[in-house]
Amino acid sequence: MENKRKPYQLVSREWKKENTVINLKNTSIGNGNITVIAGPCAVENEDQIFTICEFLSKQNVKILRGGAYKPRTSPYSFQGLKKDGLILMRQAADKFNMNVITEVMDTNLVDEVAQYADILQVGTRNMQNYQLLRALSKIDKPVMLKRGMSSTMEEWLLAAEYILSGGNDKVILCERGIRTFETATRNTLDLSIVPLLKSVSHLPVIVDPSQGTGIRELVEPMSIAAVAAGADGIMVEVHNQPEEALSDGAQSLYFDQFSGLINKLKVSTAAFGRSLDVETEKILS
Ligand code: PEP
Ligand code: MN
């Protein structure tokens, strides 16, 4: 491996030694602190997103997640509120001084999503949608590239290379679990990829233990494990009424579980000589 030239270049540590830092309003991803991204799987209605956003803001979370365009396995499942969902999320985030991350599923939606989001998410199903990656390489906003559920590290980094080589170097990688023979969990969260990615690439790495396990009780231990593995942050699903959620209720944390997770993470990040970004002040803009 040492002497073999790697197929990816711009994403590699050889190309750039220093860690890439993504600067947002009130916070940065990849600056050494552990970033907490949280919110519902999908934006469902005004009351739901404002209730969740207010709760998270009290926990000093600075990045709100939520799907407006949802990639659902079944065409009969809730597909998201689309543009209305983007608008609601932006309004909630602005009210509580937070950043928005949301998924963009299609090339022709890049401009619309970029108008409302601070970070654009590429979902697992689109990691190798090269037209979409090329379109995202032309925007001036950060992109979080989730790992394809059946993709190798090399394929994932080459997908990131599409975005950097087109001109956008603001890329974040997100491990969200891969398909294995194991069906007891929704996916197999590949935490071993985290320290490997950190050694071969300068890009920040976020771990999503919600899609990664599919089981809310596993989100806390896997979040702590992600920090121990050297991740730059976690992205977790939280809902005010998980049993009523229109998607991914079984993996969504209750509010009290989320507060408990934050408390545990404060202690564990300190043990690794790092701190949580929820411990730093929100600067009012
Ligand atoms: C999500 O974050 O809700 C999601 C759909 O993620 P993934 O693409 O990893 O399944
Ligand atoms: Mn989800």
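Aspartate 248 is placed in the loop between strand 10 and helix 9, where helices (H or I, at least four residues) and strands (E, at least two) are DSSP runs numbered from the N terminus. The structure is a predicted model, in which local features need pLDDT of at least 70 and side-chain atom pairs count only at pLDDT 80 or more, while totals for chains, interfaces and linings use all residues. Residues are numbered from 1 along each chain as its sequence is written, chains are lettered from A and ligands numbered from 1 in the order in which they are written, and side-chain values use heavy atoms, with hydrogens and water left out.

Cysteine 41 belongs to the loop between strand 3 (35-39) and helix 1 (46-58), whereas glutamate 237 lies in strand 10 (residues 233-237), so the pair ties together parts that are 196 residues apart in sequence. Cysteine 41 and glutamate 237 are both buried, a class that covers relative accessible areas under 20%, with exposed meaning over 50% and partly exposed in between (1.4 Å probe, protein chains only). When neighbours within four places in sequence are left aside, aspartate 248 is in contact with Cys41, Arg186, Gln211 and Glu237, contact being defined as heavy atoms within 4.5 Å. From aspartate 248 to glycine 233 the C-alpha separation is 21 Å in space, for 15 residues in sequence.

Eight strands form a closed barrel in the order 3-4-5-6-7-8-9-10, with parallel pairing; neighbouring strands of this sheet are turned by 25 degrees against each other on average, direction ignored. Two strands pair if DSSP finds at least two bridges between them. Strand 4 (residues 63-65) is joined to strand 5 (residues 99-103), which runs parallel to it, by three bridges, and leucine 64 stands opposite valine 100 in strand 5. Strand 7 (residues 143-146) pairs with strand 8 in the parallel sense over four bridges, the partner of valine 143 being valine 171 in strand 8. Five of the five residues of strand 8 (residues 171-175) are buried; Val171, Leu173 and Glu175 point one way from this strand, and Ile172 and Cys174 the other way.

Helix 1 packs against helix 9 (residues 255-271) at an angle of about 25 degrees, with the axes 11 Å apart, where axes are lines fitted to C-alpha atoms, for helices over the stretch in contact, and angles run from 0 to 180 degrees between N-to-C directions. The two helices, helix 1 and helix 9, are therefore roughly parallel to each other, a term applied to angles under 35 degrees. Thr51, Ile52, Phe55 and Leu56 in helix 1 meet Phe255, Phe258 and Ser259 in helix 9.

Most residues other than glycine have a negative phi. Lysine 82, in the loop between strand 4 and helix 2 (83-95), has a positive phi of about 55 degrees although it is not a glycine, and is partly exposed at 37% relative accessibility. Asparagine 97, in the loop between helix 2 and strand 5, likewise has a positive phi of about 55 degrees, but is buried, with a relative accessible area of 9%.

Notes
Angles under 35 degrees count as roughly parallel, over 145 as roughly antiparallel, 65 to 115 as roughly perpendicular and the rest as oblique.
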